[in-house]
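Good morning, and thank you for the time on today's agenda. I would ask you to look at the sequence and the structure together while I speak.

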Amino acid sequence: MSSFLPPPPRHSDTPLLDEHAGPSTRSVHAGVGRPERFDAIPVPIVETATYTFRDSAEVAAHMTGAHPDPKREEYGRYGNPTVRALEERIAALEDPSGQAECAAFGSGMSALTTAMLALLKTGSHVILFRDGYRRTRQFVAKTLAAYSVEHTIVEPGDLAGVAAAITPKTRLIVGESPTNPYLHCTDLRALGELARKARVKTIVDTTFATPINLRALPLGIDLVVHSATKYLAGHHDVLAGALVGNPALVGLARDLRGVVGGVLDPHGAFLVARGLKTLALRVERANATAMKVAARLAEHPRVSHVFYPGLPMHPTHAVAVEQMRGFGGVVSFRVKTEPEAEGDRSSLAVTSRVVDAFRLARIAPSLGGVDTLVEQPAIMSYYELSTEERRAAGIEDDLVRLAIGIEDESDVIADVMRALEAP
Ligand SMILES: Cc1ncc(COP(=O)(O)O)c(C=O)c1O
């Protein structure tokens with residue numbers, strides 16, 4: 001029998017997933033691409049910049065949409081089979097009903113900025129929250145402002161403020177839940193409803209939650225964005241982004257991606273798809289350890305505040321309980337210091353010594369990977385600001401952010417307790 005004949009149908013051609021399949025099953029089995037071509041279990045890395053056509057008739061069929069294979073690729077900036085398989089997997093995680101689409105990008109910022117550029121035009125108005133990711137706010141306040149896109153910034157979770165800020169020019173509300181570094185959770189069902197009534201689109205960045213802990217699309221949000229660099233990929237080894245949701249809106253961003261070019265490369269897509277297979281396991285472990293760490297921090301004499309949405313003392317605990325299935329792996333806390341002290345005893349210096357005393361957790365920005373990371377936001381993302389400017393931005397010098405990984409819980413707790421003994 002010729003090996004060039006198409007293979008007969010076999011059991012693996014039967015769809016494995018229905019809408020009842022759970023998130024772990026989806027992370028492993030959704031978006032398998034076209035394994036029949038290679039008999040491989042992982043999606044192969046199709047490392048190519050362009051795709052060849054048999055003849056001019058095939059080119060014509062592809063260009064006119066008459067090609068029998070709708071997934072036939074043309075050029076790397078428009079599509080890649082490894083990337084498409086990843087996109088299917090992420091879409092299946094965010095929306096088990098199978099209606100959502102996903103476009104992958106070379107970074108989370110590329111996903112966010114391309115989506116905003118696709119949905120806005122000169123004269124549009126955007127609403128965002130004061131505690132949104134700093135670069136997202138910067139993009140709106142500086143880059144989009146240069147193209148006469150206007151914006152209003154409202155207080156974290158202030159839905160009355162959002163309603164009051166909507167004008168006839170408002171096209172988009174950009175939210176985030178939970179936020180960095182205070183883990184504020186916004187009532188997304190209420191936000192979605194409010195926006196729908198006003199005919200305004202919503203994008204919510206749920207990087208800190210992941211689809212394991214929170215699915216914003218079924219709550220009525222139009223588009224979800226992820227820095228896939230974080231939990232989705234999960235190993236601190238690749239930058240990637242994902243935009244998921246309403247197919248027409250994702251389609252606009254996908255088309256613009258083909259113009260502005262923020263594509264994810266096939267090897268990066270492979271790494272994210274591989275990371276996704278253990279997403280549920282990793283997130284469940286991080287949720288459990290973070291909950292324990294937060295509880296220990298809450299009773300520690302050297303800690304003045306703990307921020308973790310799983311703790312009843314967190315200001316948005318009730319919202320988190322209502323819409324999340326787990327509270328995530330990021331815990332922030334403030335070290336008790338003498339606010340007026342200077343030099344070696346200043347809040348900044350004392351807190352730096354605590355951060356330096358971690359042995360297991362490594363000092364780095366980012367979160368969501370298997371390795372626990374720790375940072376003092378005042379000297380990481382806000383280094384160039386004075387203490388007063390940082391305070392105005394809501395960042396205290398004594399703040400520490402812990403992004404918990406998958407190490408053994410007892411080792412992570414021992415590391416935190418050891419760090420808090422720093423002089
Ligand atoms: C909440 C959030 N959104 C977006 C981004 C940007 O993602 P990336 O670094 O993948 O561009 C980050 C990165 O830290 C983030 O924390």
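Which residues are buried in helix α13, residues 347–356? They are S347, V350, T351, S352, V354 and V355. Please bear in mind throughout that this is a predicted model.

Five strands form an open sheet with mixed pairing, and their order is β8-β9-β12-β11-β10. At its edges stand β8 (303–307) and β10, each of which pairs on one side only. Within this sheet, β8 and β9 run antiparallel and are joined by four bridges. On that pair of strands, H305 stands opposite R334 in β9. Helix α11, residues 279–298, packs on the sheet and touches β8, β9 and β12. The direction of α11 makes about 15° with that of β9.

Let me stay briefly with one histidine, H317. H317 is placed in helix α12, residues 317–323. Once its neighbours within four places in sequence are left aside, H317 is in contact with P309, L311 and P312. G368 is 51 residues from H317 along the chain, and the C-alpha atoms of the two are separated by 21 Å.

I turn now to the division of the chain. The protein chain is divided into domain 1, covering 20–276, and domain 2, covering 281–419. The C-alpha centres of the two domains lie 28 Å apart. How many residues does each domain give to the contact? Domain 1 gives 25 residues and domain 2 gives 28. On the domain 1 side, the elements that give two or more residues are α7 and α8 (210–213). The largest share of that side, three residues, comes from α8. By class, the domain 1 side has 12 nonpolar, eight polar and five charged residues.

The next topic is the other sheet. What is the order of its seven strands? This open sheet runs β1-β7-β6-β5-β4-β2-β3, with mixed pairing. Its edge strands are β1 (101–105) and β3 (150–154), each pairing on one side only. On average, neighbouring strands of this sheet are turned by 20° against each other, direction ignored. Inside the sheet, β5 and β6 pair in the parallel sense over three bridges, and D205 stands opposite V225 in β6. Helix α7 packs on this sheet, where α7 touches β4 and β5. The direction of α7 makes about 155° with that of β5.

D205 brings us to the ligand. Which residues are around the ligand? They are S107, G108, M109, Y133, E176, N180, D205, T207, S227, T229, L239 and G241. By class, this shell divides into three nonpolar, seven polar and two charged residues.

I close with some details of the backbone. Most residues other than glycine have a negative phi, and most peptide bonds are trans. The bond from S177 to P178 is cis, with omega near -10°. The bond from N180 to P181 is also cis, with omega near 0°. P178 is placed in the loop between β4 (170–176) and α7 (188–197), and the place of P181 is likewise in the loop between β4 and α7.

Two positive phi values remain. R199 is not a glycine, and its phi is about 55°. R199 is found in the loop between α7 and β5 (201–205). R199 counts as exposed because there are 10 C-beta neighbours inside 10 Å. H236 also has a positive phi, near 55°, and its place is in the loop between β6 (223–227) and β7 (241–245). Why is H236 partly exposed? The reason is that 18 other C-beta atoms lie within 10 Å of H236, a count between the limits of 12 for exposed and 20 for buried.

Thank you for your attention.

Technical notes. Residues are numbered from 1 along each chain as its sequence is written. This is a predicted model: local features need pLDDT of at least 70, side-chain atom pairs count only at pLDDT 80 or more; totals for chains, interfaces and linings use all residues. A residue is near a molecule or strand if its C-beta atom, placed from the backbone, lies within 6 Å of it. Ala, Val, Leu, Ile, Met, Phe, Trp, Tyr, Cys and Pro count as nonpolar, Asp, Glu, Lys and Arg as charged, and the others, Gly among them, as polar. Two strands pair if DSSP finds at least two bridges between them. Axes are lines fitted to C-alpha atoms, for helices over the stretch in contact, and angles run from 0 to 180 degrees between N-to-C directions. Two residues are in contact if their C-beta atoms, placed from the backbone, lie within 7 Å. Domain bounds come from an automatic or database domain assignment.
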